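Hi there,

Here is the structure I promised to pass on to you.

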2 protein chains.
Amino acid sequence: MATPIYDRIALIGIGLIGSSLARVIREKGLGNEISIATRSAETLDEARRLGLGDSYSTAAAEAVRDADLVIVSVPVGASESVAKEISGALKSGATVTDVGSTKASVVRQMAPHLPADVHFVPGHPIAGTEQSGPSAGFSTLFEGRWCILTPEPGVEPDAVARLTRFWEACGSTVEQMDKDHHDMVLAIVSHLPHIIAYNIVGTADDLETVTKSEVIKYSASGFRDFTRLAASDPIMWRDVCLHNKDAILEMLARFSEDLSSLQRAIRWGDGDKLFDIFSHTRSIRRSIVEAGQDISAPDFGRIGKKD
Amino acid sequence: MATPIYDRIALIGIGLIGSSLARVIREKGLGNEISIATRSAETLDEARRLGLGDSYSTAAAEAVRDADLVIVSVPVGASESVAKEISGALKSGATVTDVGSTKASVVRQMAPHLPADVHFVPGHPIAGTEQSGPSAGFSTLFEGRWCILTPEPGVEPDAVARLTRFWEACGSTVEQMDKDHHDMVLAIVSHLPHIIAYNIVGTADDLETVTKSEVIKYSASGFRDFTRLAASDPIMWRDVCLHNKDAILEMLARFSEDLSSLQRAIRWGDGDKLFDIFSHTRSIRRSIVEAGQDISAPDFGRIGKKD
């Protein structure tokens, strides 16, 4: 058991990320007490049934009282209302952080409402699965993952260092980044892939000439890799699109330009160009596997079979 | 050991698919003799080193002599030249099949050159990994997978039935389909996903504001799922694009229309529409898992970790 890094930790939102945090905090003794708040009474009941915390409330303001660390794990579009709700109840000297997939918007939404005597250190653990809710979480979710912190200039370095120790104790490697750069990086590595995945699954679903059951049956030939991303939480992704709009539109524009050029090569039978494009991308896969960000087993090492 | 289904089997092309066939034929005793041909002396040496067959040649015509079953496993663009090469050497009554990802073009390329006394039954095992070459094959590649046969009207039913038994013995479930319908189905479940994956990986590689090392580092947040497909054999995919052009262009047009509409919803902040699109696609993932075409373990059940 490690020494607790914070005495009392408040988790606002108890979905996949919040509930995984509750589990790792408990398992590794990173806090002495966990208070949990979520707006939905049903979700709160589920968290209570799972025994994720020490106290439970549907009121965020109640959960944050006396908390040394407040972790907001809600869809990014709900950040402002959470900030407003908790601002009057925060303990002086507390650290407030979040786990949202967009950072500039979260700062815009939360910073104006937080009192000057708390340390606001926005964060983003690059971890998740396509499943959601308190039951989907697990204590090793953050192990071997990156966590990006985007502290604003002027924030207390000790607060950042302590939060860094917390994420490291969860198993993550912490990096610091400017919030706007974070949003640009995530737009290409995460937001665009999800949007494209949602889109292709939608296109397939609308076909008249190919039945849905054929799409499902033969999905192992490529399609199914996209469906995992397209099964992610729709509220979370709606909010990501609305709150990282500029970076996403920029990436979409580039993607579409490139696709038009590829499409033209197909139409005009330009085999050399197609070969160039298709060879070029192989090396990135190799680098990802070398960097330990994926496994080289064919087919992602899937074990499951049709029968 | 099953009874051999064919006496002598010729494998033309010995990459991932051809070499997996060699292994399963040997392992399950599906043929008494395996002759292997590939144009590249280097690849042939590799096959010989691996002990994949009983005889080896760089001349396809030599390998098919006396063969009861000829399986052509080459990039689809090479189908016509193989057909021309083997046509004079085929045994009367032999069955000729292939494993290409497009079917109408393969029929167009091969049928005119094959003599009337052989049975031509085009086929497509829906199996593969992102790896290529004789060393990448394995005997269980076809287990629990679909294999689609697209026999032309008028072909000998016994020849189709025998080839069906062969694929079933390899572990596959065989379906019959019209060649044009096959090409439409595969365009959406396989060809479009690969093209989109190649494209997004290319877009990411070209960015000025986000470094390649950042893309690699944070790829687990969505991007890496695309890189698996984008690491597939470039020659194979060049040929697929050139030989299933019409169906692919049709799917690309639909995909782009849908993406423009999604992009517009992002630009204008239409949260309801985004939520609709993103909820809609979740059910397809569920159906794919229920149909046993993927596993429900989060993250495809990947075992590997960063450290």
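Below are my notes on the chain contact, the domains and some individual residues.

First, the conventions. This is a predicted model, so local features need pLDDT of at least 70 and side-chain atom pairs count only at pLDDT 80 or more, while totals for chains, interfaces and linings use all residues. Residues are numbered from 1 along each chain as its sequence is written, chains are lettered from A and ligands numbered from 1 in the order in which they are written, and side-chain values use heavy atoms, with hydrogens and water left out.

**Between the chains**

About 10,900 Å² is buried between chain A and chain B, with 65% of it on carbon and sulfur atoms. Buried area here is the accessible area (1.4 Å probe) that two parts lose on being put together, summed over both.

For the electrostatics, the interface of chain A and chain B has 8 salt bridges, where a salt bridge is a side-chain nitrogen of Lys or Arg within 4 Å of a carboxyl oxygen of Asp or Glu. One of them joins Arg254(A) to Glu208(B), with the closest N and O atoms 2.9 Å apart. There are also 35 residue pairs in polar contact between chain A and chain B, both residues at pLDDT 80 or more. A polar contact is a pair of N or O atoms within 3.5 Å; within protein, one must be able to donate a hydrogen and the other to accept it, and residues adjacent in sequence count only if both atoms are side-chain atoms.

Helices (H or I, at least four residues) and strands (E, at least two) are DSSP runs, numbered from the N terminus.

**Between the domains of chain A**

Chain A is assigned domain 1 (6-177) and domain 2 (181-292); such bounds come from an automatic or database domain assignment. Their C-alpha centres lie 31 Å apart, and the contact takes 17 residues from domain 1 of chain A and 16 residues from domain 2 of chain A. These two domains bury about 1,300 Å² between them, 64% of it from carbon and sulfur atoms. Within domain 1 of chain A, the residues that lose the most area to domain 2 are Ser101(A), Glu130(A) and Met177(A), together 39% of what that side buries.

How many salt bridges link domain 1 and domain 2 of chain A? The count is 1 salt bridge. The side chains of Glu130(A) and Arg228(A) meet in a salt bridge at 3.0 Å, N to O, and Asp225(B) is linked with them in a network of salt bridges.

**Salt bridges to look at**

Over all chains, the whole structure has 30 salt bridges. Arg26(A) and Asp54(A) pair at 3.6 Å, N to O. Arg26(A) is in helix α1 (residues 16-28) of chain A and Asp54(A) in the loop between α2 (41-49) and β3 (55-57), so this pair ties together parts that are 28 residues apart in sequence.

Lys91(A) and Asp68(A) form another salt bridge, with the closest N and O atoms 2.7 Å apart. Lys91(A) is partly exposed at 32% relative accessibility, whereas Asp68(A) is buried at 13%. Buried means under 20% relative accessible area, exposed over 50%, and partly exposed in between (1.4 Å probe, protein chains only).

In chain B, Glu250(B) and Arg254(B) meet at 2.6 Å, N to O. These residues are 4 apart in helix α11 of chain B, so about one helical turn separates them.

**Buried spots in chain B**

Thr95(B) sits in strand β5 (residues 95-98) of chain B and is buried at 3% relative accessibility. Leaving out residues up to four places away in sequence, Thr95(B) touches Asp68(B), Leu69(B), Val70(B), His119(B), Val121(B) and Ala159(B).

Helix α10 (residues 234-243) of chain B has Pro234(B), Trp237(B), Asp239(B), Val240(B) and Cys241(B) buried. The cover over these residues includes α11 (245-267), α12 (271-280) and α13 (282-290) of chain A, together with α7 (179-205) and α11 (245-267) of chain B.

Best wishes

Key. Contact = heavy atoms within 4.5 Å.
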